Amino acid sequence: WNADVLHNMTMFTYNFDAAMADPSRFEPCDADDPEHEDVSCRQVGTSSIALDASTTWLVVMVMPKGVLGDTARGTASQVQQTVSEFRADWQEYLREQEAISVGIFVSMSIGSLLMALALS
């Protein structure tokens, strides 16, 4: 999961019939060749999405050839932007919650100290 190649959007193709054969074998095919109509050609797109410092999701999409083009790249870019915005919002929320927690802790500590002094 930590392979550098998985941290960027990756596109490749394979022949589905060859993968399902016995014995199974990996055969790339040309998804951009309009002259060659191979209905068993599959195009695969992968993208790694870091949710935080220790959590990364690998998104994998497999479609018939020719489906993953510029539209998919644009959508992937938009998803990356949305995830980045979500991450920034979440980090701001966590900072606010940390500040509130520290404030409550300090208030409770001071309150306990004052109560101990008043009772002694």
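This report describes the sheet, the disulfide, the salt bridges and a nonpolar surface patch of one predicted model.

Because the model is predicted, local features need pLDDT of at least 70 and side-chain atom pairs count only at pLDDT 80 or more, while totals for chains, interfaces and linings use all residues. Residues are numbered from 1 along each chain as its sequence is written, and side-chain values use heavy atoms, with hydrogens and water left out.

**The sheet**

Three strands, in the order S1-S2-S3, form an open sheet with antiparallel pairing. Strands (E, at least two residues) and helices (H or I, at least four) are DSSP runs, numbered from the N terminus. Two strands count as paired if DSSP finds at least two bridges between them. Strand S1 (10-15) and S3 are the edge strands, each pairing on one side only. On average, neighbouring strands of this sheet are turned by 25° against each other, direction ignored. Such angles are taken between axes, which are lines fitted to C-alpha atoms (for helices over the stretch in contact), and run from 0 to 180 degrees between N-to-C directions. Strands of a sheet pair through backbone hydrogen bonds, either parallel or antiparallel.

S1 and S2 run antiparallel and are joined by 6 bridges. Between S2 and strand S3 (residues 56-64), also antiparallel, there are 9 bridges. A hairpin of 5 residues connects S2 to S3.

Threonine 10 has threonine 46 in S2 as its bridge partner, and asparagine 15 stands opposite cysteine 41 in S2. On the S3 side, valine 44 has valine 62 as its bridge partner, and serine 47 stands opposite valine 59.

S2 is mostly covered, with 8 of its 10 residues buried. Here buried means under 20% relative accessible area, exposed over 50%, and partly exposed in between (1.4 Å probe, protein chains only). Asparagine 15 belongs to strand S1 and counts as buried because its relative accessibility is 12%. The C-alpha atoms of asparagine 15 and aspartate 30 are separated by 9.4 Å, and the two residues are 15 apart along the chain.

**The disulfide**

A search of the whole structure finds 1 disulfide (a pair of cysteine sulfur atoms within 2.5 Å). It is formed by cysteine 29 and cysteine 41, with their sulfur atoms 2.0 Å apart. The link of cysteine 29 and cysteine 41 is right-handed, with 85° about the S-S bond. The pair links distant parts of the chain: cysteine 29 lies in the loop between helix H1 (16-20) and strand S2 (41-50), and cysteine 41 lies in strand S2, 12 residues apart. Both cysteine 29 and cysteine 41 are buried. A disulfide is a covalent bond between the sulfur atoms of two cysteines.

**Salt bridges**

The whole structure holds 2 salt bridges. The term means a side-chain nitrogen of Lys or Arg within 4 Å of a carboxyl oxygen of Asp or Glu.

| Glutamate 27 | Arginine 25 | 2.7 Å |

Glutamate 27 is partly exposed because its relative accessible area is 30%, and arginine 25 is partly exposed at 44% relative accessibility. Glutamate 92 and arginine 95 both lie in helix H2, 3 residues apart, which is about one turn of the helix. Glutamate 92 is partly exposed, with a relative accessible area of 37%, and arginine 95 is partly exposed at 46% relative accessibility.

**The nonpolar patch**

Val102, Phe105, Val106, Ile110, Leu113, Leu114 and Leu117 make a nonpolar surface patch of about 720 Å². Patches are made of residues with over 30% relative accessible area and no salt bridge, where like charges are joined within 9 Å and nonpolar side chains (Val, Leu, Ile, Met, Phe, Trp, Tyr) within 5 Å. Accessible areas come from the Shrake-Rupley method with a 1.4 Å probe, and for residues only the protein chains shown count as cover. Isoleucine 110, one of the patch residues, lies in helix H2 (residues 70-119). Isoleucine 110 counts as partly exposed because its relative accessibility is 47%.
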